[in-house]
Amino acid sequence: MTTERLQELFDNQRTAFLADGPASAEVRIDRIDRLKAMLLDGGDRLTAAIRDDYGTRPESLSLIADVVSGLGEMTYLQKNLASWMRPQRPQPLARLVGVTMETHAVPLGVVGVIAPWNFPLQLLVQPAAAALAAGNRVLLRPSSALPRMCAVLAELAPQYFAPEELVVVTKETASGSEFAALPFDHLFFTGSTETGRKIQRAAADNLTPVTLELGGKNPAVVARTADVRRAADRIGAARMVNSGQTCLSPDYAFVPEEAADVFVEALLEGWCKRYPVVSGNEQYVSIIDDDAYQRIMGLLDDARAKGATVRSAGDESADPVRRQIPPTVVTGVTDAMAISREEIFGPVLAVHTYGAVDEVIDHLAPRPSPLGAYWYGDDDAAFRRFFARTRSGSVNRNDFGLVNAMHHLPFGGVGRSGMGNYHGKFGFDTFSHLRPIAAQPTPLSLASIIATPHSRRLAKGIARYADQQRKAVAKRLRG
């Protein structure tokens, strides 16, 4: 029955989309307003539910990161979508000979959005807003790891949207794999690389295009031009966003050999000042579940057993009941340790030392591309060399998550960290099909030129053109 219900929800949206045609700008703006209202009106209930699902997560964090963070981008979409919807007419001079060309950004149809548990509302509603701006109908699949939040969201959505516009699908209706197997016109997923593989396999049977926002081991490089203590404080704070359970968190830092001790001490001092008490601290985010807690502790045990130095801020040990792990720095990391290969996704930072920037580049270049890379220091030749010779979804200089916060920039991964992008106009484009129209009203016909039989005169003309092009290419190759 749940599978039948899922198919019914999808079919209703597809039928409504085909019957109504592309939504007007006014309708799209209204839908985004209702999405905002759903978040804001239900904010207290949603943030309380997220807190209870985590065990410990301050409601202020959820308010900032999950409820408020996307409002500016939604307003930006509303202000600009009408202009983005207008037909574009390239090569206007072609009209002088009677040829007309235009492109239309048309909605794809029915879009599916699957969100993770770490920022469970932000990563659900931001792509949803872009899909609505592009004129689509949307099915949302929040993370099953937060059942309380899912229940609140499923109760709120029908108060603001008809199910033919937007509907929330929880695990009671369908599993994530069942959801991904629907014949969506586009499927958007944020989460782990391993789950991303499964999502793409499920979508492949329907040739559903996918946008995958994944993660990876994000590096942070402290250049010799940086203020080491300031860099340590900022990297330390960035690592502790959501207790490190963030796809954009710096996973490991590269520090000049001569500055390593200063960096580590400044890092620990900053953490102690920020979190004088961890266990029972309502401002300290819990690890999401026991499996994740044990995985992180296992990485630390493995590193320690293989010779790394593991230091925690303060004198506290990890609390397995509250699933709270003190901020921890690991030095002396080698490739034999699991922590050098696995994304940590917790309040732990590995620190490497380097002599020359090329050592950092040589370490990073052959490894899977992360979602983000960080550079603390000047925009100089060393930074530009680092940018040119490494790959990542984005590069942020001197602060955390800048690209993610700016809706004028595309946000997305590359390689193992994902495919496709969104935010602002880039999100509108992701959920649109750029459909062209070309017209040629003159007696000249392209079909009559291509179709055989070809006259001797036409054949000679084409051969002459090909020979001219061959000579031009050969001249350029000779330099």
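Contact here means heavy atoms within 4.5 Å. The model shown in these views is predicted.

**View 1. Phenylalanine 263 and its contacts in the largest nonpolar core.** Leaving aside its neighbours within four places in sequence, phenylalanine 263 is in contact with Val222, Val228, Ala231, Ala232, Ile235, Ala253, Val255, Leu349 and Val351. The largest nonpolar core has 113 residues, and of these Leu35 and Phe263 touch the most other members. Helix α6, residues 122-133, gives the most to this core, with 9 residues. In soluble globular proteins, nonpolar side chains tend to be buried together.

**View 2. A second, separate core.** This second core consists of 21 residues. Among them are Leu9, Phe184, Phe189 and Ala202.

**View 3. Serine 243 in the loop between α10 and β8.** The loop that holds serine 243 lies between α10 (228-239) and β8 (250-256). Serine 243 has a relative accessibility of 1% and therefore counts as buried, the cut-off for buried being under 20%. From its side chain to the backbone oxygen of valine 285 the distance is 2.6 Å. Leaving aside neighbours within four places in sequence, the residues in contact with serine 243 are Tyr284, Val285, Ile287, Gly346 and Pro347.

**View 4. An open sheet of 6 strands.** The strand order is β4-β3-β2-β5-β6-β14, and the pairing is mixed. At the edges stand β4 (166-168) and β14 (418-419); each has a single partner strand, so one side of each is left without a neighbour in the sheet. Strands of a sheet pair through backbone hydrogen bonds, either parallel or antiparallel.

**View 5. The pairing of β2 with β5.** Strand β2, residues 110-114, and strand β5, residues 186-190, pair in the parallel sense. The pairing runs over 4 bridges. For glycine 112, the bridge partner in β5 is leucine 187.

**View 6. The second largest pocket and its lining.** The volume of the second largest pocket is about 740 Å³. The pocket is lined by 34 residues, of which Ile64, Ala65, Phe119, Val241 and Phe400 are the closest to its centre. At least two residues of the lining come from each of α4 (59-68), α5 (71-85), α6 and α15 (402-405). Helix α4 gives the most to the lining, with 4 residues. Rolling a probe the size of a water molecule over the atoms shows where empty space is left.

Key:
Residues are numbered from 1 along each chain as its sequence is written. This is a predicted model: local features need pLDDT of at least 70, side-chain atom pairs count only at pLDDT 80 or more; totals for chains, interfaces and linings use all residues. Side-chain values use heavy atoms; hydrogens and water are left out. Two strands pair if DSSP finds at least two bridges between them. Buried means under 20% relative accessible area, exposed over 50%, partly exposed in between (1.4 Å probe, protein chains only). A polar contact is a pair of N or O atoms within 3.5 Å; within protein, one must be able to donate a hydrogen and the other to accept it, and residues adjacent in sequence count only if both atoms are side-chain atoms. A nonpolar core is a set of buried Ala, Val, Leu, Ile, Met, Phe, Trp, Tyr and Cys residues joined through side-chain atoms within 4.5 Å. On a 1 Å grid over the protein atoms alone, a cavity is a set of points where a 1.4 Å probe fits but cannot get out, and a pocket is an open set with protein on both sides within 12 Å along at least five of seven lines; lining residues have an atom within 4 Å of a point. Grid points are joined across faces, edges and corners, and a volume is the space filled by probe spheres set on the points.
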